[in-house]
Each structure stands twice: as C-alpha cells, then as structure tokens.
Amino acid sequence: SFFFVLLGFHAQLDLGLSVALERAVARAAADERWSHVPALLGSGLLLAAALSAFLQIAVLAWPARWQAALGDPQTVRACLLVLPVCLFCSNAAAVTGAGLSGLQRTTTLALLRTVVGVIASGAVAALAVGGIGRLDVLLVTYAIGLAVAAIAGAAAVARELPAAGA
C-alpha cells in the first residue's frame, strides 16, 4: 500500500510542475501564443523525466538494510526499481492534464482521468484477483494506464490547439 499511496500522491512529487504548467498554458492561450503550448508541455515532460532519473539514481543507492524496514527486502527492492518509471508516467499524465486544464478543457480532462482510471484500476484488480501478487507488476500495470492517460491527454491538447487558435 505504501507504493500505491506514493504513486497516488504525484501532485506532491511533481514539485509544483503541473500547477506552473497549467498557469503558463493559460497565459499562452490568453495571449493567443498557441505555438508555445507544445513547448511548455515538452519542457514539463523533460523535467518529469529528469526528476525520475534522479529518483532512479537515489533508488539504486538506497541501502539494502533500509529496505527491510518497509517489508520483505526482495519485494521492496523490486518496487523501488519500478517506482521512478511509475512516477514518470504519473507526472507525464499530470503534465498533459495541466495542458488541458490550462486550455480550460476540464470536462475532457475529467472524462479522460475517469475512463483511464477505471480501466487501470480494473486491470490491477483483475491481476490481483487472478493471483498476480507481485507489487512491482501491479505498479507497472497501473503506470501503463497513466502512460495511456498522458498520451491521450497530449492528443487532446493537440486537437484543441487549432480550434483554440482559429
């Protein structure tokens, strides 16, 4: 549960990136600087990737004796190794979500988050009920849902830009 809670609290782990991007996209839209939006979101994704890379280095340096404090060391190690990728997927979804929110497309964002969230949660539940108990596999499954949300969010932003710029 520790790892799912950590993944669920990406808003605290993006260091304010999504809020800053939402505001920057809103400002660009207000000034009709539509060409700035993809660059803003690209910069956000780059920062999210850098944060995840830093976290991956920290995970690799995490002393094995500390892992026992969180649970079975082998399980904890496997989860720690996939956690940076999972957080990147979470932050990528937050970045594209910030783009939609900044473009005042919150209905699209809410629908996207709801549909993808239900599918990702359902996939995790199905795997767990089916006997898959490895937490790292369940985390990655949920992260794949977040990656799909990020891709769908980016596509939605791209569809909105020409309409917003017209």
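This is a predicted model: local features need pLDDT of at least 70, side-chain atom pairs count only at pLDDT 80 or more; totals for chains, interfaces and linings use all residues.
## Helices H4 and H6

Helix H4, which covers residues 36-61, packs against helix H6, residues 73-102, with the two axes 9 Å apart and at an angle of about 165°. Because an angle over 145 degrees counts as roughly antiparallel, H4 and H6 are described as roughly antiparallel to each other, and their crossing is right-handed.

On the H4 side, the residues in contact include Leu 41, Gly 44, Leu 45, Ala 48, Leu 55 and Val 59, while those on the H6 side include Arg 77, Leu 80, Leu 81, Pro 84, Phe 88, Val 95 and Gly 99. Taken by residue class, this contact consists of 15 nonpolar residues, five polar residues and one charged residue.

## Helices H3 and H4

Helix H3, residues 17-30, also lies alongside H4, since their axes come within 9 Å and cross at roughly 170°, an arrangement that makes H3 roughly antiparallel to H4.

From H3, the residues Leu 17, Leu 21, Ala 24, Val 25 and Ala 28 meet a set in H4 that includes His 36, Val 37, Leu 40, Leu 41 and Leu 47. The contact of H3 with H4 divides into ten nonpolar and two polar residues, with no charged residue among them. Leu 41 and Gly 44 of H4, together with Ala 48, are listed both in the contact with H3 and in the contact with H6.

In soluble globular proteins, nonpolar side chains tend to be buried together.

When residues up to four places away in sequence are left out, Leu 41 touches Val 25, Val 95, Gly 99 and Val 157.

Trp 62 is found in the loop between H4 and helix H5 (64-67), where its relative accessible area of 31% makes it partly exposed. Although Trp 62 and Arg 77 are 15 residues apart in sequence, their C-alpha atoms are 9.1 Å apart in space; Arg 77 is itself one of the H6 residues that meet H4.

Key: Residues are numbered from 1 along each chain as its sequence is written. Side-chain values use heavy atoms; hydrogens and water are left out. Axes are lines fitted to C-alpha atoms, for helices over the stretch in contact, and angles run from 0 to 180 degrees between N-to-C directions. Helices (H or I, at least four residues) and strands (E, at least two) are DSSP runs, numbered from the N terminus. Angles under 35 degrees count as roughly parallel, over 145 as roughly antiparallel, 65 to 115 as roughly perpendicular and the rest as oblique. A crossing is left-handed if the near helix is turned anticlockwise from the far one by less than a right angle, and right-handed if clockwise. Contact means heavy atoms within 4.5 Å. Ala, Val, Leu, Ile, Met, Phe, Trp, Tyr, Cys and Pro count as nonpolar, Asp, Glu, Lys and Arg as charged, and the others, Gly among them, as polar. Buried means under 20% relative accessible area, exposed over 50%, partly exposed in between (1.4 Å probe, protein chains only).
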